[in-house]
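Subject: Structure handover

Hello,

Here is the structure I promised to pass on. Please have it open while you read my notes.

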Amino acid sequence: MNRSELVAALSERAEVTRKDADAVLAAFAEIVGEVVAKGDEKVTIPGFLTFERTHRAARTARNPQTGEPIQIAAGYSAKVSAGSKLKEAAKGI
């Protein structure tokens with residue numbers, strides 16, 4: 001399902017216009033992005049998803065073509081965890 005299909009499904013299920021559904025989806029993505037960028041709290045939709053920022057330590061890796069060791073700097077990443085209801089849905093329950 002791509003964005004336009006999601007917007008169409010949201011507008012039908014919530015009985016709102018596609019424009020309103022698209023605005024809500026855009027606002028949700030923006031808010032999650034802002035919270036994750038700050039890194040001081042998680043966004044949790046109970047039973048469904050949790051979004052959070054994680055820290056990756058610096059590490060040594062190898063160039064796959066030459067085998068030469070390279071240093072990868074420390075940084076941040078986004079982590080998305082599935083909740084219990086989403087896990088059950090994935091199992092087909």
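Below are notes on the sheet, the hairpin, the helices and the core.

This is a predicted model, where local features need pLDDT of at least 70, side-chain atom pairs count only at pLDDT 80 or more, and totals for chains, interfaces and linings use all residues. Residues are numbered from 1 along each chain as its sequence is written, and side-chain values use heavy atoms, with hydrogens and water left out.

**Sheet**

There is an open sheet of 3 strands, in the order β1-β2-β5, with antiparallel pairing. Its edge strands are β1 (43–45) and β5 (75–82), and each pairs on one side only. From one strand to the next, the twist averages 30 degrees. Helices (H or I, at least four residues) and strands (E, at least two) are DSSP runs, numbered from the N terminus. Two strands pair if DSSP finds at least two bridges between them.

β1 and β2 (residues 49–56) are antiparallel, with 3 bridges. Here I45 has L49 of β2 as its bridge partner.

Helix α2 (residues 18–38) packs on the sheet and touches β1, β2 and β5. The direction of α2 makes about 35 degrees with that of β2. Axes are lines fitted to C-alpha atoms, for helices over the stretch in contact, and angles run from 0 to 180 degrees between N-to-C directions.

**Hairpin**

Strands β3 (residues 59–62) and β4 (residues 69–72) pair in the antiparallel sense over 4 bridges. A61 has I70 of β4 as its bridge partner. The hairpin has 6 residues between the strands, and G67 takes a positive phi near 80 degrees.

**Helix pair**

Helix α1 (residues 3–14) packs with α2 at about 115 degrees, and their axes are 8 Å apart. On the α1 side, the contact (heavy atoms within 4.5 Å) is made by R3, L6, V7, A8, L10 and S11. R18, A21, D22, L25 and A26 make it on the α2 side.

**Core**

Which residues form the largest nonpolar core? They are V32, V35, V36, V43, L49 and F51. Such a core is a set of buried Ala, Val, Leu, Ile, Met, Phe, Trp, Tyr and Cys residues joined through side-chain atoms within 4.5 Å. Buried means under 20% relative accessible area (1.4 Å probe, protein chains only). α2 gives the most to this core, with 3 residues.

Not counting residues up to four places away in sequence, F51 touches F28, V32, V36, K42, V43, K79 and V80.

Best regards

Key:
Buried < 20%, exposed > 50% of the residue type's maximum accessible area, 1.4 Å probe, protein only.
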